[in-house]
Amino acid sequence: MALDTGPAHGTEALARLAEEHVDHRFKGLPPDAYGLTVAELAGQRRNLFTGGFTTPVLALSAERLEHNLKLMETYSARHGLAFAPHGKTSMAPQLFQRQIEHGAWGITLAVPHQVRVARAFGVQRVFLANELVDAAALRWISSELDADPDFRFVCYADSVRGVALMDAALTEAGASRPVDVVVELAAGEGARTGVRTEAECAAVADAVAGARTLRLAGVAGYEGEVPDADPEKVHAWLRRLVALAVDFDEAGRFEGLEEIVVSAGGSAWFDAVADVFAEVPALSVPVLKLLRSGAYVSHDDGHYRELTPFNRVPEEGALEPAFRLWSQVVSRPSPAQAFTNAGKRDAAYDLHLPFAQVVRRDGVERPATGIEVTGLSDQHAWLRTTAEADLEVGDWLGTGLSHPCTSFDKWQLIPVAEADGTVVDYIRTFF
């Protein structure tokens with residue numbers, strides 16, 4: 001059964017988020033705000049440090065968030081790219097809406113549940129960066145397409161078997177609109193998903209052509225999986241992807257389309273995508289050059305700070321890390337050791353441990369000199385401190401995080417704070 005998922009419904013659903021009541025579900029929020037709506041709490045413009053928030057609490061920088069949204073909007077437009085940022089990073093419909101307001105074509109997602117969230121909040125264009133073979137999910141997608149002629153959905157196909165399963169499920173569902181698929185080209189032998197050779201890609205395309213319920217819409221892949229990636233190898237693989245689109249077009253495989261989708265682009269090599277997609281020749285119909293980078297929205301202080309393409313092209317701008325996790329020193333057992341009350345339940349740790357950045361005491365903030373996070377327990381951060389560290393029980397420690405995708409998913413309601421600590425909004429996540 002289709003949901004009520006049009007744009008008007010999406011606007012209403014976003015508005016209802018502000019009507020949600022603050023209670024025990026949401027970490028870090030002021031205990032005396034219990035029972036207020038999110039809108040009422042936001043309207044109070046409380047200060048993150050003096051307004052009753054409890055530690056640990058994760059905050060997004062209002063200014064840096066807006067900077068990142070604007071930067072990727074400008075970058076995409078400058079390079080003639082459509083942009084479908086990967087929503088699995090945040091799973092925050094409010095951020096989806098802001099990304100779309102900043103020019104995004106639509107939202108990329110990874111699994112059916114994420115598509116349901118996006119549709120519940122009115123997202124009209126979804127790129128599913130996976131082959132979808134779940135019959136129940138396909139029935140639901142079909143019902144959404146049939147109920148809403150303005151809904152655009154594209155997903156991967158990477159096997160003849162997958163195409164057969166998709167077609168069988170959609171046929172049984174009585175689908176009246178075909179599902180658009182793009183053949184996924186693997187990034188190399190031993191890479192993640194995708195078809196390994198051009199001949200196999202042609203076989204998958206032939207299978208799509210023989211399926212009444214599917215339509216071949218283009219080609220796609222993920223250059224972040226190129227083995228031992230370097231600029232030369234990534235550019236070479238992207239040129240393979242473009243050549244596959246050209247070959248398919250010359251063979252008449254895209255006949256009847258209004259546009260051909262050519263898509264790639266994680267958060268580490270979008271400069272290479274921009275380079276190679278600028279070389280796409282004229283095809284039989286216009287090409288939708290679709291970039292899918294997602295981590296930019298909050299950026300980070302570790303993995304993506306190191307990998308961002310803006311390190312290679314600084315003249316294009318720079319993303320800014322927007323997350324800061326605040327915890328409180330709860331134990332100082334020795335001059336060389338301290339513990340705060342944030343651990344694995346609160347901080348991303350799959351790529352790097354949190355980075356100690358600032359200490360706050362009595363309203364004064366200073367650099368976290370001589371402080372290093374060396375480990376995380378479930379609810380504690382282990383700190384190594386040198387003689388330079390001025391740290392006492394009760395101090396607040398501000399840490400930067402690595403990997404936005406595993407930072408957002410630990411928090412259901414995230415304060416958005418201005419530079420002076422004024423909380424102006426709250427971001428709801430759905431994982």
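Me: In the protein chain, what share of contacts between residues at least 6 apart in sequence join residues at least 24 apart?
Reply: That share is 71%, where contact means heavy atoms within 4.5 Å. This is a predicted model, in which local features need pLDDT of at least 70, side-chain atom pairs count only at pLDDT 80 or more, and totals for chains, interfaces and linings use all residues. Residues are numbered from 1 along each chain as its sequence is written, and side-chain values use heavy atoms, with hydrogens and water left out.

Me: How much of the protein chain is buried?
Reply: 56% of the 431 residues count as buried, meaning under 20% relative accessible area with a 1.4 Å probe, protein chains only.

Me: And D346, where is that?
Reply: D346 lies in the loop between β11 (337-340) and β12 (355-361). Strands here are DSSP runs of E, at least two residues, numbered from the N terminus.

Me: Is D346 buried or exposed?
Reply: D346 counts as buried, because its relative accessibility is 3%.

Me: Which side chain does the D346 side chain join in a polar contact?
Reply: That of K27, at 3.0 Å. A polar contact is a pair of N or O atoms within 3.5 Å; within protein, one must be able to donate a hydrogen and the other to accept it, and residues adjacent in sequence count only if both atoms are side-chain atoms.

Me: What else is D346 in contact with, leaving aside neighbours within four places in sequence?
Reply: Besides K27, the contacts of D346 are P56, L325, N341, Q379, K410 and W411.

Me: Other topic: what box do the C-alpha atoms fill?
Reply: Roughly 70 × 50 × 35 Å, along the principal axes.

Definitions and conventions: Buried < 20%, exposed > 50% of the residue type's maximum accessible area, 1.4 Å probe, protein only. Helix = DSSP H or I, 4+ residues; strand = E, 2+ residues; numbered from the N terminus.
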